[in-house]
Amino acid sequence: MKLDILAFGVHPDDVELSCAGALLVEKRNGKSTGIIDLTAGELGTRGSGEIRKSEATEAAKILGVEIRENLGMADGFLQNDEAHQRKIITVLRTYQPEVILCNAPEDRHPDHGRSSKLVADAAFLSGLRKIETTFNGIAQQAWRPKYVFRYIQDRMLNPDFVIDITDVFEQKIEAIKAYKTQFHNEETDEPQTYISTPDFLDSVIYRHKWFGKMIGVKYAEGFISEKMIGLKNFDAIIKENT
């Protein structure tokens, strides 16, 4: 199955919090989308790895993605080395996405920055035909995505561009709330964490409002690109009703 857009998150819920709106927008535009979770988030204070996987499955249904897979890397201890890169290369060659989205280049959680570099490096290496990989015993062809975009997470990083997610914002929030063990839930007696307070989800909403304000819409998601983005003409950046 070839996908147009493949989003990577080191923990289940990273994608929902940061770029689920863009996936929903592209889905409405007829694009095929998928999510790859690198770990099960098993070191999280609340819930468990198995519960997080179940929550991720529910969130995937809300987002309507074609695939969601978990690579089973060790939460907190993943490294940007050959073994981890090869796992991602195999995924990229299997689904051949044109665009991939991945974690922020730097963030409060150290896994996020490591994951961002890991995925970006694997995306480049995936295009080298002398790196051999197989899937179900069949040799894979080299494949390199056209773009790698980093989404913005806890730290306030300046985006290179933003995407209007106003029309899908409520659906994005619904997907976030599928992680009942992780975010504010008055029905649980588990320990309070940085992300389980009501204020945390409010901060996510305010950030999307701020990004939206940048382009004159209600809500938007921000992305960082190391590669220069080219336009065919000015019409590509002129919004309706401006």
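**A loop residue and its surroundings**

Author: Leu128 counts as partly exposed, because its relative accessibility is 33%; buried means under 20% relative accessible area, exposed over 50%, and partly exposed in between, with a 1.4 Å probe and protein chains only. The model is predicted, so local features need pLDDT of at least 70 and side-chain atom pairs count only at pLDDT 80 or more, while totals for chains, interfaces and linings use all residues. Residues are numbered from 1 along each chain as its sequence is written, and side-chain values use heavy atoms, with hydrogens and water left out.

Leu128 sits in the loop between helix H5 (110-125) and strand S5 (134-135). Helices (H or I, at least four residues) and strands (E, at least two) are DSSP runs, numbered from the N terminus. Setting aside residues up to four places away in sequence, Leu128 touches Arg93, Ala142 and Arg144; contact means heavy atoms within 4.5 Å. Ala142 is 14 residues from Leu128 in sequence, yet their C-alpha atoms are 5.9 Å apart in space.

H4 (residues 82-95) is largely enclosed by the rest of the structure, because 10 of its 14 residues are buried. From first C-alpha to last, H4 reaches 20 Å, close to the 20 Å expected at 1.5 Å a residue; the expected span is 1.5 Å times one less than the number of residues.

Just after H4 comes Gln96, with a positive phi of about 45 degrees, although Gln96 is not a glycine. Most residues other than glycine have a negative phi. Gln96 lies in the loop between H4 and S4 and is partly exposed, with a relative accessible area of 24%. Asn136 is another residue other than glycine with a positive phi, near 55 degrees. Asn136 lies in the loop between S5 and strand S6 (138-139), and at 69% relative accessible area Asn136 is exposed.

Helix H7 (residues 198-215) can be read in the same way. Its 18 residues should span 26 Å at 1.5 Å a residue, and its end C-alpha atoms are 27 Å apart, which agrees. The buried residues of H7 are Phe200, Leu201, Val204, Ile205, Arg207, His208, Phe211 and Gly212. Seen down the axis of H7, they fall within an arc of 150 degrees, so they line one face of the helix; the arc is that of the directions from the helix axis to the C-beta atoms. The face turned away from this buried side carries the exposed residues Asp199, Tyr206 and Lys213. Covering the buried residues of H7 are, among others, helix H1 (14-18), strand S8 (161-164), helix H6 (169-176) and strand S9 (220-225). Just after H7, Gly216 takes a positive phi of about 75 degrees.

H1 also holds Glu16, which counts as buried because its relative accessibility is 0%. Leaving aside neighbours within four places in sequence, Glu16 is in contact with Ile35, Ala59, Leu63, Arg68, Lys172, Ala175, Ile176 and Tyr179.

S8 and S4 come up again in the lining of the largest pocket, where helix H2 (20-28), strand S4 (99-102), strand S7 (147-151) and S8 each supply at least two residues. The largest pocket has a volume of about 1000 Å³. Of the 27 residues that line the largest pocket, Glu26, Phe161, Val162, Ile163 and Ala236 are the closest to its centre. Here a pocket is an open set of points on a 1 Å grid over the protein atoms alone where a 1.4 Å probe fits, with protein on both sides within 12 Å along at least five of seven lines, and lining residues have an atom within 4 Å of a point. Grid points are joined across faces, edges and corners, and the volume is the space filled by probe spheres set on the points.

Last, the cysteines. The sulfur of Cys19 has its closest cysteine sulfur in Cys102, at 9.3 Å, which is too far for a bond. A disulfide is a pair of cysteine sulfur atoms within 2.5 Å, and by this rule the count is 0 disulfides. Cys19 counts as buried, at 0% relative accessibility, and Cys102 counts as buried at 0%.
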